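Let us work through a protein model, one residue or pair at a time. Keep the viewer open and follow along.

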Amino acid sequence: MTPQQQSVIEQGHWFKSRSQYLKNFLLTQGKTRSLKAQQSLFLRGDKHNGIYAVLSGVVRISGVSNEGKEAVLSFIETPLWFGEVTLFDGGLRTHDVYAQTDVVLFYVPQRALEQLLNEQPQYWQEFGLLLAQKLRLMFTSMEDHALLSAEQKVCNRLLILSEHTEHLTPLVLSQQQLADMTYLTRQTINQILQRLVELQAISLGYQRITILDKQKLHVRTGKLK
């Protein structure tokens, strides 16, 4: 891992809040892995093999129906970690994960994690906190789906996706994928995005959405006056 890549990991809220021992363990046991855009990392039903952090690029978490329709659940960007669910139950992977763009990941193998937790079980709590962060996001998403209007859902989702990106960094995201994530139609998404363009809150490109003014999006969610 390069010093720049280590700096990316250390920017993450979960990682930087851990003990120095655990941080050193993860950094020494892990390794980098690269994927090309649209390449799969793992699929639903695969055996658990460890946890990952995004060093660069974007990964897509989704599921596929029996008819082959993909439901996009989320996108993960730097410096977030994922894959911790199977660490707890030893079960199979619950969703498909693909590289949305070319990505570089940091991978800590399951074998190393199990050895650490068997020898020092107090570190289960550290990974429990990582899982708890995901649960909080899930509950918030469920509440938003039930209570927010279509425009509020879109604005809120854009804010969540841009939470860990630098100012004016485009989100690599098609309108169909945004529709899948908010359970809206492609036509509705287009209408809402065009309104946000008129408000100069965002700009649109080919499978790119750039947030120009987060404050305007916050206001449109109804959560900020």
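Buried means under 20% relative accessible area, exposed means over 50%, and partly exposed is in between (1.4 Å probe, protein chains only). This is a predicted model: local features need pLDDT of at least 70, side-chain atom pairs count only at pLDDT 80 or more, and totals for chains, interfaces and linings use all residues. Residues are numbered from 1 along each chain as its sequence is written, and side-chain values use heavy atoms, with hydrogens and water left out.

Q: Is I209 buried or exposed?
A: I209 sits in strand β11, residues 208-211. Strands (E, at least two residues) and helices (H or I, at least four) are DSSP runs, numbered from the N terminus. The relative accessibility of I209 is 1%, so I209 counts as buried.

Q: Which residues is I209 in contact with, leaving aside neighbours within four places in sequence?
A: Contact means heavy atoms within 4.5 Å. With those neighbours set aside, I209 is in contact with L158, P170, L171, L173, L178, L193, I202, S203 and L204.

Q: What is the nearest side chain of opposite charge to D96?
A: Lys and Arg count as positive, Asp and Glu as negative; His and the chain ends are not counted. A salt bridge needs a side-chain nitrogen of Lys or Arg within 4 Å of a carboxyl oxygen of Asp or Glu. D96 is buried yet has no salt bridge. The nearest side chain of opposite charge is 5.4 Å away, and it belongs to R44.

Q: How far is the backbone nitrogen of R44 from a polar atom of the D96 side chain?
A: D96 is found in strand β7, residues 96-99. D96 touches several residues beyond four places away in sequence, among them R44. The backbone nitrogen of R44 lies from a polar atom of the D96 side chain at 2.7 Å.

Q: Why is the pair of Y21 and Y123 called stacked?
A: Rings of Phe, Tyr and Trp (its six-membered ring) pair if their centres lie within 6.5 Å; planes under 30 degrees apart count as stacked, over 60 as edge-to-face and the rest as tilted. A search of the whole structure finds nine aromatic pairs. The centres of Y21 and Y123 are 5.7 Å apart, and the pair is stacked because the planes are at 15°.

Q: How many residues apart in sequence are the parts that Y21 and Y123 tie together?
A: Y21 lies in helix α3 (residues 20-29). Y123 lies in the loop between α5 (110-119) and α6 (124-147). The pair therefore ties together parts whose separation in sequence is 102 residues.

Q: What is the angle between the planes of W81 and F106?
A: W81 is buried, and so is F106. Their ring centres are 6.2 Å apart. The pair is edge-to-face, with the planes at 90°.

Q: Where is P79 found?
A: The peptide bond from T78 to P79 is cis, with omega near -5°. P79 is found in the loop between β5 (70-77) and β6.

Q: Is Q200 exposed or buried?
A: Q200 has a positive phi, near 60°, in a residue other than glycine. Q200 is in the loop between α9 (186-198) and β10 (202-205). At 55% relative accessibility, Q200 counts as exposed.

Conventions:
A polar contact is a pair of N or O atoms within 3.5 Å; within protein, one must be able to donate a hydrogen and the other to accept it, and residues adjacent in sequence count only if both atoms are side-chain atoms.
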